Every structure is written in structure tokens, then in C-alpha cells.
Amino acid sequence: MRIFCGRANPTTGSVEWLEEDEHYDYHQEIARSSYADMLHDKDRNMKYYQGIQAAVSRVKDRGQKALVLDIGTGTGLLSMMAVTAGADFCYAIEVFKPMADAAVKIVEKNGFSDKIKVINKHSTEVTVGPDGDMPCRANILITELFDTELIGEGALPSYEHAHRHLVQENCEAVPHRATIYAQLVESRRMWSWNKLFPIRVQTSHGEQVIVPPSEVEQCPGAPSVYDIQLNQVSPTDFTVLSNVLPMFSVDFSKQVSSSAACHIRQFEPLASGRAQVVLSWWDIEMDPEGKIKCTMAPFWAHSDPKELQWRDHWMQCVYFLPQEEPVIQGSAVFLVAHHDDYCVWYSLQRTSPEKNESIHPGRPVCDCQAHLLWNRPRFGEINDQDRTDQYIQALRTVLKSDSVCLCVSDGSLLSMLAHHLGAEQVFTIESSAASHRLMKKIFKANHLEDKINIIEKRPELLTSADLEGKKVSLLLGEPFFTTSLLPWHNLFFWYVRTAVDQHLGPGAVVMPQAASLYALVVEFRDLWRIRSPCGDCEGFDVHIMDDMIKRALDFRESKEAEPHPLWEYPCRGLSEPQQILTFDFWQPVPPQPVRAEGSIELRRPGKSHGVVLWMEYHLTQDSTVSTGLLKPAEDKGDCCWNPHCKQAVYFFSTTLDPSAPLGGSRTVSYTVEFHPDTGDITMDFTLSDTLEDEH
């Protein structure tokens with residue numbers, strides 16, 4: 001059976017209806033999942049195994065049968081561990097049907113079908129009784145319902161329901177307890193992910209400063225956590241203001257509440273500074289004594305940094321305070337952790353919150369539009385003064401006193417730069433209502449509401465009247481569009497340039513004038529784990545899961561490169577960066593495909609995990625902005641990636657032997673094609689290891 005899927009094309013800007021296989025969404029879910037990453041997480045697996053063994057033993061020592069409820073069983077791994085540990089029976093709950101079907105097969109292949117019943121339901125739909133899914137309540141509760149924020153996947157409501165309806169009172173629970181920790185810091189870098197800083201523009205009339213609107217300064221920010229690989233943030237990027245504070249714990253062996261609550265910790269700042277950011281993580285104790293612990297602590301707070309386990313399914317959290325607050329070393333303040341059934345957020349109080357009626361437990365909500373339009377990396381990009389200066393320098397070379405500028409990017413400050421640098425008239429297209437409202441606020445705060453014309457419509461609907469009958473002499477773009485996920489999605493600028501071609505005057509300049517797609521073959525330190533088959537996991541055969549992921553990856557869209565912020569995922573370049581395709585913005589989008597074939601020679605030994613792709617925008621002949629590598633790779637191939645952008649990663653299904661070849665050539669052959677009708681870039685990269693003829 002075939003179905004139609006509606007999809008907004010981020011490159012062309014059009015909405016497309018595509019015919020897909022009925023299992024299309026399922027394959028996407030599996031292909032993008034973190035199952036492989038979790039199965040490769042040996043620390044997690046072994047701690048769960050030890051906790052399960054201990055829980056089963058405690059129940060057996062009481063002379064009881066060990067009846068296990070496993071909520072969110074996935075592959076069935078934890079249930080199989082429980083049976084191996086001596087459990088009499090397991091009820092394995094899995095709501096995602098394809099995963100439940102796989103769990104049935106994995107359980108059967110490992111010989112546990114007589115002891116494990118896979119139930120394809122949400123745990124809140126499971127029934128207990130003679131005719132129910134379970135004949136009686138379980139006395140051991142095993143779950144893995146956690147995300148980076150701990151409670152973001154609905155762990156609290158699921159536990160609450162399980163204790164009320166599915167497990168015995170004071171049951172054994174694995175994990176037994178979770179604790180959330182917080183550390184208050186000052187960090188200009190991280191704060192730049194949340195607030196708009198003043199931006200300086202050197203002009204012929206002196207320095208101009210673009211200031212943020214008061215609404216943006218006072219806005220509490222986005223209501224969502226920013227989860228990152230905190231171990232990749234340099235300690236020089238923040239100043240620690242507090243010790244690590246245990247904010248609150250949840251005992252999973254007892255009745256759990258999903259009601260909103262707040263937890264208060266008084267502390268004395270370790271240093272004076274500006275409290276801006278809360279770094280947070282959690283650990284889970286698998287046993288009541290707390291001897292078996294699995295922690296997400298970053299290296300500086302880890303009990304044994306040498307034993308640090310890399311994982312991508314659980315990371316660390318960055319939370320932003322609603323406003324920065326000055327703190328004084330030794331002068332006590334109160335950090336408050338608020339949470340509802342799905343989210344955590346923080347506030348800082350000067351006096352004990354019990355006496356402070358100003359505490360508002362509600363989640364922070366953006367009311368300035370900026371946090372809805374710009375994500376955290378985009379805030380950082382706009383606040384990057386060096387990047388801004390590069391655009392200013394490029395603009396100086398193309399701007400004239402009579403320039404009529406049209407800016408095309410979402411929520412961009414380019415139009416303000418063009419005005420301050422002397423353009424005669426500036427128009428900016430803001431297609432969305434949110435970007436229109438935000439830019440209007442920013443222009444007003446800088447007294448430019450009458451200087452820059454905002455056009456709220458799609459570029460292809462632009463009329464001569466919108467431009468007051470004038471022809472555009474300078475078309476500008478960063479380019480940046482909020483719908484872009486992969487680096488080449490910002491080629492939407494090229495389609496806009498084509499759509500407004502009739503409005504460009506003779507000799508009109510386009511900036512950027514061109515873009516190039518670059519590729520680099522890399523060896524990842526850890527990221528390869530998310531796509532690596534597991535095979536055997538702690539003694540259990542999970543090949544069926546590997547095969548399921550492989551079939552999902554064979555689907556059209558799942559085979560494509562996927563976006564990753566590589567500043568968080570260290571890798572080594574095994575080749576030199578290679579330019580694959582070039583796109584000429586001086587000309588409209590061509591009717592025929594743009595195709596490139598060739599090979600990339602591997603110059604360093606290492607395991608070839610994949611190819612990283614990014615775009616470089618040639619603002620002028622002498623100025624290029626890279627969304628990927630910021631400088632040439634070091635001697636060992638270590639890479640420095642643009643921290644404001646996601647790069648695209650094309651994973652190989654196999655890797656080359658890093659020690660080969662001896663006197664041969666190691667290359668990656670490629671075919672890359674840009675399809676102008678769809679805006680898609682299709683690609684195929686193939687590893688080859690060719691030995692030279694000894695004769």
C-alpha cells in the first residue's frame with residue numbers, strides 16, 4: 001500500500017506531496033532512533049544488569065516469585081537480563097509496534113519466549129486481572145523511560161500510573177532512585193545562545209551600535225532545555241559560581257507524583273559574578289544502597305573521569321535563568337528547580353522562597369518572538385562579532401551610495417548593516433509573521449522603523465509596488481532560513497534569487513555571489529556508535545535489531561546525510577577538504593541537474609566512518625564564510641568546526657582497515673547530483689581499497 005506524505009521542501013520553499021510506502025514513518029523512526037547508541041552503552045547495560053540481578057535476589061530471598069514489569073522494553077534486553085538473573089516471568093511493555101514485533105523475535109531467538117510476554121500497548125493501557133494483560137501485579141519494576149532531562153519522555157506520569165495500577169506497594173525498582181544535579185555558572189559563550197548582545201558597526205560616520213529591544217532583553221527565553229555534549233565545552237568558557245548541588249531525587253520504588261513542584265537549595269557562591277546559566281545532569285542508582293550508580297556527570301564532576309562513558313542518548317542540560325543576576329562570593333542565595341510532568345527549569349532567589357511571594361512556578365514562555373524564530377546556535381551566530389565584521393567588510397566592497405538593497409534571510413540583521421554602511425534604500429523580506437514582528441521590534445529599538453522597509457510575503461509574490469517601483473541593485477543573504485536542516489537547504493536563497501530576477505536592475509550584484517559544497521572523509525572518536533551494528537549485547541543476540549535498522553536505512557530519505565553539530569563530536573580528517581559542487585548565484589537556478597563525480601584520496605591512517613559535508617558561501621571574490629571547517633585540519637587531522645552550524649554526515653556501512661594498504665591507494669569515490677526541480681542533493685560515497693600491482 002502507498003500513502004501520500006506532505007512535505008515542505010526547505011530548499012525550494014514549496015510544499016510537495018510525495019507517494020511513500022505505508023511503512024515510511026516507521027522506517028524514519030527506526031533510522032533516526034538511538035537504539036544502536038543505547039545498545040553500545042556498556043556502562044548503562046552493565047549497571048542495569050547488576051541492578052536487576054540484585055533486585056531479583058532480594059525478592060527471591062523473601063521467598064517470593066520474581067514477577068517483572070518492564071516498561072519501554074525496546075529490544076527486550078532488560079527483560080532478558082531479568083530472566084537470566086532468575087526472574088520467574090516478565091511482562092515487557094512496548095508501545096511502538098515495529099519495535100514490539102522486533103522484541104518478540106529477539107526474545108524468541110534468545111530462547112526466552114516461555115518467560116517473557118511482550119505487550120504492544122502504552123503502559124497506561126495495560127490491564128491486570130484474570131482476563132487482563134497481566135494476571136496480577138508485578139513486584140519488580142524495570143524501566144528505561146529517561147531522556148537527557150530525565151523526565152522529558154513522560155517518566156513521571158508513567159511511574160505514577162504503574163504504582164497505582166500495575167505493581168505491588170513498595171516493589172523493587174530498577175533503577176531505584178534518580179537524582180538531578182545543578183551547577184550555577186557565568187558564561188558569556190552560553191549566555192550568547194539565549195540573549196541578543198549589542199552589535200558594533202564601524203561606519204564612515206563613526207561607530208553605530210545595534211541594540212536589542214527591551215522585550216528581548218526581558219524575555220525569560222525558550223521553554224525547552226538545551227541538551228549538549230557538555231564535555232566538549234571548554235572549562236575556559238565558563239566560571240563556576242556554585243558547587244554541584246543535588247536539587248531533587250525521585251524514589252521509583254514508591255508512589256511517584258507527576259504534579260508540579262519546586263525544590264530549593266541554599267548555597268554560598270564560590271566567586272562573585274553574574275549568574276546566567278545552570279548546568280544540569282542526573283544519575284540513577286540501581287539499588288537501594290546506592291552502590292550501583294550510572295551517572296551523566298561531565299568530566300569535572302565525575303568521580304572517575306577515566307571511566308567516563310560516551311553516550312548520545314543521554315547528554316547534559318543547559319538551562320538559562322530568566323535574567324542574569326549578580327551574586328557575591330559567600331553571600332547566600334537560593335537556587336530553585338521547578339518541574340512539571342515533563343519539564344525542568346530554574347530560578348534564582350535572594351531570600352528564602354517560602355517567604356518570597358514573587359516565585360512563579362509556571363514554565364518560562366518566550367513573548368519576544370526571538371526565541372521562537374532563532375534557535376540557540378542562531379543566537380550565537382548573530383552574536384558572533386567576528387562573523388558580523390566579515391559581512392561588514394564584504395558589504396563595503398559592493399555597496400554604493402545609490403544602492404537599493406533587498407535582503408533575503410529569516411530574521412537577519414544584514415539589512416541594518418547595509419543601512420548603516422550607506423545604502424540609499426533597504427528592503428527586507430520576512431516571510432513569516434514571527435520574523436516580521438521580531439524585526440519590526442528590532443528596527444524600532446534602533447530608530448530604523450522608517451528607514452528599512454519590511455515586506456511580509458513570500459519572495460515569488462514580490463511586486464514592483466512592494467519595491468516602490470525601484471529596481472534592486474544589491475541582493476543580500478547570509479543566507480539563513482529557519483526551515484533549513486542540512487547545509488544545502490540554505491540554497492533556498494538561490495531559488496529566491498531566481499524568483500526575484502525580474503526585480504533586479506542591470507548589473508545588479510548578488511551577495512553571496514556563489515556557494516560551494518565541500519566534503520571531508522573523517523574518523524569519529526565516538527559518533528560512529530550511533531550507526532554501528534551491535535550484534536551481541538551483553539551476551540544477548542540482537543542481530544534482529546541491527547537488521548531492522550539496516551532495512552530502515554535502505555529507505556530513500558534515511559540513506560541521506562544527517563545533520564550533526566560536529567563541534568560536539570570530535571573527529572579526525574583522513575583526507576583533505578574537497579570541493580564537490582559549486583552554485584553560481586549570479587545566474588538563476590539552471591533547468592538541468594548539476595552533477596559531479598570523482599574520488600577523494602585518504603592521506604592519513606584511520607577508520608573511515610563517514611563523509612562530512614558543508615557549504616562555503618563566497619560573499620565576494622576575497623571573502624568566504626564557512627559553515628564547516630574554520631581552519632585547515634592539524635597535522636593529526638583534528639578538525640575545528642563552526643559551532644553555530646550543523647554539518648551533514650554521510651555514514652559508511654563499513655570501514656577501511658586503518659593499517660592498509662601497503663603501497664596502494666585508499667580512496668572514496670563519489671557521485672553527487674543537485675536536482676534543481678526538487679532542490680535535493682543526492683549522493684553516493686563508496687570506500688575502496690586498491691592495492692598496486694607488485695610487478
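Colleague: In which loop is the place of proline 479?

Modeller: Proline 479 sits in the loop between strand E23 (472-476) and H14. Helices (H or I, at least four residues) and strands (E, at least two) are DSSP runs, numbered from the N terminus. This is a predicted model: local features need pLDDT of at least 70, side-chain atom pairs count only at pLDDT 80 or more, and totals for chains, interfaces and linings use all residues. Residues are numbered from 1 along each chain as its sequence is written, and side-chain values use heavy atoms, with hydrogens and water left out.

Colleague: What is omega for the peptide bond from glutamate 478 to proline 479?

Modeller: Omega is near -10°, and that bond is cis. Another cis peptide bond links methionine 511 and proline 512, with omega about 5°. Proline 512 lies in the loop between strand E24 (504-511) and strand E25 (514-524).

Colleague: How many residues of helix H14 are buried?

Modeller: Buried means under 20% relative accessible area, exposed over 50%, partly exposed in between (1.4 Å probe, protein chains only). In H14 (residues 492-499), 6 of the 8 residues are buried, so the helix is largely enclosed by the rest of the structure. Among them are Phe492, Trp494 and Arg497.

Colleague: And which phi does leucine 150 have?

Modeller: A positive one of about 80°, although leucine 150 is not a glycine. Leucine 150 is in the loop between strand E6 (138-143) and helix H6 (155-165), and is buried at a relative accessible area of 2%.

Colleague: Is asparagine 170 buried or exposed?

Modeller: Asparagine 170 is exposed, at 53% relative accessible area. This residue belongs to strand E7 (residues 167-174), and its phi is also positive, near 55°.
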